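Hi,

Here is the structure I promised to pass on. Please open it beside this email; my notes follow below.

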Amino acid sequence: MSLPSSELLAEQLAQLGINYISYQHAPLINCTIAKEIGLEREGVGLKNLFLRDNYGKRHFLVITLSDKQLDLKALSKQQAVSRLGFCSSERLEKYLKVKPGCVSALATLNDEHKQVELWLDRELIQAEQWQCHPFENDKTWVLRLEDLKIFWQNSGHEPSWVTLPER
């Protein structure tokens, strides 16, 4: 299966009248690497977790601050979802059509069947600019939250603002 490209995403954003700041950099597998190499970018650094319930029936894209350590057990209990766990790379490709390390708020575009629920950390509600990988982890695009809301509405994903418990 060929994965969607950042060019396709750029076209989609242009159609919606959404602008972004673009950065090219070494591939970032996770948030820690960006810090280690001293990468400076506008906007807030984010951690994007692709989770599933215990039965593999519900899927969640959870977005939080890059340095926050989530308590998945407490989050499961809080949201009344059977034990949350990380999805396999196969599930990630199936539902969001990206590879590990490339997940971001923009990947909801690839969830045509609306099978992924979008949970956003309530602490991010004041963050005006968000760092997002455009399906590839050697680029970061910084988008305004107001534009992301338009993007999510267009992709059919209504975000839930959640107070995420920490470990």
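The cover over the buried residues of helix α1 includes β7 (139–144) and α5 (145–155). Contact here means heavy atoms within 4.5 Å. Helices (H or I, at least four residues) and strands (E, at least two) are DSSP runs, numbered from the N terminus.

Before you go on: this is a predicted model, where local features need pLDDT of at least 70 and side-chain atom pairs count only at pLDDT 80 or more, while totals for chains, interfaces and linings use all residues. Residues are numbered from 1 along each chain as its sequence is written, and side-chain values use heavy atoms, with hydrogens and water left out.

Which residues of α1 are buried? They are Ser-6, Leu-9 and Leu-13. Buried means under 20% relative accessible area, exposed over 50%, partly exposed in between (1.4 Å probe, protein chains only). The three span an arc of only 55° around the axis, so they lie on the same side of α1. That arc is taken from the directions from the helix axis to the C-beta atoms. Glu-7, Ala-14 and Gln-15 are exposed on the other side of α1.

Now look at Ser-6. Ser-6 belongs to α1 (residues 6–15). Its relative accessibility is 3%, so Ser-6 counts as buried. Leaving out residues up to four places away in sequence, Ser-6 touches Pro-134, Phe-135, Glu-136, Lys-139 and Trp-141.

After α1 comes Gly-17, with a positive phi near 70°.

Best wishes
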